[in-house]
Amino acid sequence: MGRDVPVVVFSREDRRKYREKVRRCLDVFAQMLRESRFEVERPLAGLEIELNLVNERGEAAMCNAEVLAAIERPDWATELGQFNIEINIEPQELGGDGPLRLEDDVRARLNHAEERASSQGGHLMLVGILPTLRERDVEEGSLSANPRYRLLNEQIFAARGEDLHLCIEGVERLDTHADSITPEAACTSVQLHLQVSPEAFAAHWNAAQAIAGAQVAVAANSPYLFGKELHEETRIALFEQATDTRPAELKAQGVRPRVWFGERWITSVFDLFEENVTYYPALLPLCEDEDPRAELERGRIPQLHELTLHNGTIYRWNRPVYAVVDGMPHLRVENRVLPAGPTVADIAANAAFYYGLMRMLPYDERPVWSRMSFRAAEDNLAAAARLGLDARLYWPGLGEVPASELILRRLLPLAYEGLDRWGVHRPVADRLLGIIEQRCLTGMTGAGWQVRRVRAEGGDRHEALRAMTLDYLGRMHTNEPVHTWEV
């Protein structure tokens with residue numbers, strides 16, 4: 001939810017008007033789908049990368065406002081915590097050497113930002129969860145200054161009526177409470193965007209859901225939280241719990257969480273927006289002046305402000321996005337399962353793996369989601385988050401197999417073919433997908449390296465995490481993929 005909002009107090013009347021406006025937007029959206037008013041898909045890759053800020057000791061640096069002022073670039077923005085920032089990369093062509101140009105572009109922007117950040121006593125770190133983060137770093141005072149975060153925090157706790165309970169069982173156990181949503185700021189991710197037509201949206205969303213487990217298994221990079229070794233990709237469980245608006249009683253009643261995998265394969269993008277309106281009360285009932293129906297009747301394209309704002313407060317792991325650019329509406333699948341890091345090369349490899357598969361699976365004559373239960377896809381994601389490449393994942397025709405076997409035998413060949421269909425040059429595809437292959441063959445992901453490095457360090461846990469973090473930072477800047485890092 002990236003939209004700036006004012007500091008306000010919401011009334012019952014505000015909520016009633018907002019509900020009516022959201023439903024009007026949904027009706028207009030349905031009409032636009034019927035009338036085929038959307039731009040068709042183009043092979044464009046866009047992404048957002050969330051980063052941590054650390055000081056010279058490798059610990060959280062609460063200086064995002066100062067760092068952003070020093071960077072002075074419009075593609076950089078605040079995130080939830082004062083130790084977070086985010087970069088938004090404009091959509092780029094996938095064909096030819098597109099993935100290489102994307103990687104070079106990201107590296108150039110990060111190098112510039114790192115130089116400016118260091119002038120403010122901060123350094124950028126690409127990682128799923130900052131390993132040195134402590135509970136005192138994620139108290140309410142650590143929220144970024146933007147009023148939207150304070151407002152979101154107030155509304156989530158008003159809905160809950162009690163503190164957040166964070167309980168994650170992994171290699172070790174974390175059981176604590178939080179009085180703000182700031183623990184969510186520990187989750188730093190890479191979000192991949194793919195523009196698709198309304199007709200093709202359901203197939204692409206279903207495919208993205210089906211491969212989420214494999215994505216997380218091979219990209220896991222979040223093994224530590226508050227000094228505890230938990231899951232290979234602890235960010236998944238943490239994000240689910242840190243934005244939960246439900247007290248225990250509503251969970252027991254089966255009320256759906258706001259961080260959600262979903263519960264069924266879809267037949268239309270409308271299904272997802274309709275579920276959002278049907279199942280979720282508004283967190284930020286802010287109405288704009290635009291009348292979407294009047295706009296459409298005048299031949300203009302409505303922004304559907306209320307519907308998109310509401311959609312932005314429901315955190316699906318694969319989220320639908322409606323946007324209007326240069327007067328043309330389009331739809332995107334926003335893939336949200338990946339952690340940041342460890343290097344830009346690793347991020348580019350994760351993106352190439354995803355985009356390659358998304359060029360193949362949605363067009364299969366017997367699509368994977370017709371041969372696989374939705375629950376199996378959800379279970380795959382949960383298993384991959386816990387165990388990474390050691391997880392056993394289900395896939396039609398293979399049954400339940402180790403994640404590395406699924407990727408090497410079935411998914412990597414598809415990703416190669418998909419990149420070829422995008423027109424990606426073979427040497428570029430070989431380099432990026434070769435990184436995915438080597439992670440599977442060596443068993444070394446970002447999470448695996450972090451854990452082995454900390455265990456090798458021994459001694460006091462926080463000091464071991466700090467030493468690992470500083471080592472990680474140095475290796476991150478070499479852009480050598482994590483499977484090559486020595487422990």
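**Helix 5 and helix 11**

I started with helix 5 and helix 11 (residues 344-358), which pack at about 150° with their axes 10 Å apart. Helix 5 is therefore roughly antiparallel to helix 11; angles under 35 degrees count as roughly parallel, over 145 as roughly antiparallel, 65 to 115 as roughly perpendicular and the rest as oblique. My axes are lines fitted to C-alpha atoms, for helices over the stretch in contact, with angles from 0 to 180 degrees between N-to-C directions. Helices (H or I, at least four residues) and strands (E, at least two) are DSSP runs numbered from the N terminus.

This is a predicted model, where local features need pLDDT of at least 70 and side-chain atom pairs count only at pLDDT 80 or more, while totals for chains, interfaces and linings use all residues. Residues are numbered from 1 along each chain as its sequence is written, and side-chain values use heavy atoms, with hydrogens and water left out.

I then listed the contacts (heavy atoms within 4.5 Å). From helix 5, His 204, Ala 207, Ala 208, Ile 211, Gln 215, Val 218 and Ala 219 meet Asn 350, Phe 353, Tyr 354, Leu 357 and Met 358 of helix 11. By class, that contact has nine nonpolar, three polar and no charged residues. For the classes, Ala, Val, Leu, Ile, Met, Phe, Trp, Tyr, Cys and Pro count as nonpolar, Asp, Glu, Lys and Arg as charged, and the others, Gly among them, as polar.

**Helix 2 and helix 3**

Next I checked helix 2 (residues 64-71) against helix 3 (residues 98-118): their axes come within 8 Å and cross at roughly 120°. That makes helix 2 oblique to helix 3. Val 67, Ala 70 and Ile 71 in helix 2 meet His 112, Ala 113, Arg 116 and Ala 117 in helix 3. I get five nonpolar, one polar and one charged residues for this contact.

**The core**

Which residues touch the most other members of the largest nonpolar core? Out of 169 residues, they are Phe 29, Trp 76, Tyr 322, Phe 353 and Ile 407. Helix 5 (residues 198-219) gives the most to this core, with 14 residues. A nonpolar core here is a set of buried Ala, Val, Leu, Ile, Met, Phe, Trp, Tyr and Cys residues joined through side-chain atoms within 4.5 Å.

I followed up Tyr 322, which sits in strand 12 (residues 318-325). Tyr 322 is buried, with a relative accessible area of 7%; buried means under 20%, exposed over 50%, partly exposed in between (1.4 Å probe, protein chains only). Leaving out residues up to four places away in sequence, Tyr 322 touches a set including Phe 29, Phe 38, Phe 273 and Leu 331. With the same exclusion, Phe 29 touches Phe 38, Phe 273, Tyr 322 and Leu 331, among others.

**Helix 6**

I looked up burial along helix 6 (residues 234-242): eight of the nine residues are buried, so helix 6 is largely enclosed by the rest of the structure. Arg 235 and Gln 241 are among the buried ones.

Most residues other than glycine have a negative phi, and most peptide bonds are trans. I went looking for exceptions. Gly 341 to Pro 342 is a cis peptide bond, with omega near -5°. Pro 342 lies in the loop between strand 13 (328-339) and helix 11.

Phe 226 has a positive phi, near 50°. I find Phe 226 in the loop between strand 8 (224-225) and strand 9 (228-229), and its relative accessible area of 12% makes it buried. Asn 479 has a positive phi of about 65° and lies in the segment after helix 16 (461-476). Is Asn 479 buried or exposed? Asn 479 counts as buried, at 7% relative accessibility.
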